[in-house]
Amino acid sequence: MRRRRAEKRQITPDVRYNSELVSRLITTLMERGKKSLAQRIVYGAFDIIADKRKELNPLEVYLQALENAKPRLEVKSRRVGGATYQVPVEVEPARQIAVGLRWIRDYASGRKGQPMMQALAAELLDCYDNTGNVVKKRDDTHKMAAANRAFAHYRW
């Protein structure tokens, strides 16, 4: 270890759902410091989810979607001799959340032709149903890790 590790900042829960994970989603979506716009997008997406699936609580949909999006394993490049190996490693819980949120944001913004609110709602519902681009990305990441199991002894 080279330097001291930065201590984690306390995340303030969001105002509507009093949830730190919703606050993390808002922060992940935020661009150029426009937090109120990010809040409007997230809360609007939650309202759309509540309209589409009346029997479900939007917060529960979001939490289950995030659970389905989180990668458990990933590969990291490791140089040994002249060769570079893709070494499978387990993902820390904090990074699982960060990567899952980033994937949800990226694939939602990649849905062209619809407002971000609707795209985020659609992406969260897809993740909730264990379908869609984010779940495919997670499965591909897991397959890559499984395919490179032979190099697991290079883990550091």
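Reply: Let's start with a charged pair: R138 makes a salt bridge with D139, with the closest N and O atoms 2.9 Å apart. A salt bridge here is a side-chain nitrogen of Lys or Arg within 4 Å of a carboxyl oxygen of Asp or Glu. R138 counts as buried at 13% relative accessibility, while D139, at 31%, counts as partly exposed. For those words, buried is under 20% relative accessible area, exposed is over 50%, and partly exposed is in between, using a 1.4 Å probe and protein chains only.

Before going on, a word on the source: this is a predicted model, where local features need pLDDT of at least 70, side-chain atom pairs count only at pLDDT 80 or more, and totals for chains, interfaces and linings use all residues. Residues are numbered from 1 along each chain as its sequence is written, and side-chain values use heavy atoms, leaving out hydrogens and water.

Now the helix. α6 covers residues 133-147, and its 15 residues at 1.5 Å each should span 21 Å, which agrees with the 21 Å between its end C-alpha atoms. (The expected span is 1.5 Å times one less than the number of residues; helices are DSSP runs of H or I, at least four residues, strands are runs of E, at least two, and both are numbered from the N terminus.)

Which residues of α6 are buried? They are V134, V135, R138, T141 and A145. They cover an arc of only 120 degrees around the axis, so they sit on the same side of α6; that arc is taken from the directions from the helix axis to the C-beta atoms. In general, an α-helix has 3.6 residues a turn, so residues three or four places apart point the same way.

What covers that buried set includes α3 (58-69), β1 (73-80), β2 (83-90), α4 (93-110) and α5 (116-128), where contact means heavy atoms within 4.5 Å. Two of those covering elements, β1 and β2, run antiparallel and are joined by eight bridges; strands pair if DSSP finds at least two bridges between them.

Turn to the face of α6 that points away from the buried side, and you find the exposed residues K136, K143 and A147. K136 also has a salt bridge, to D140, with the closest N and O atoms 3.4 Å apart. Both lie in α6, four residues apart, about one turn of the helix. D140 itself is partly exposed, at a relative accessible area of 36%.
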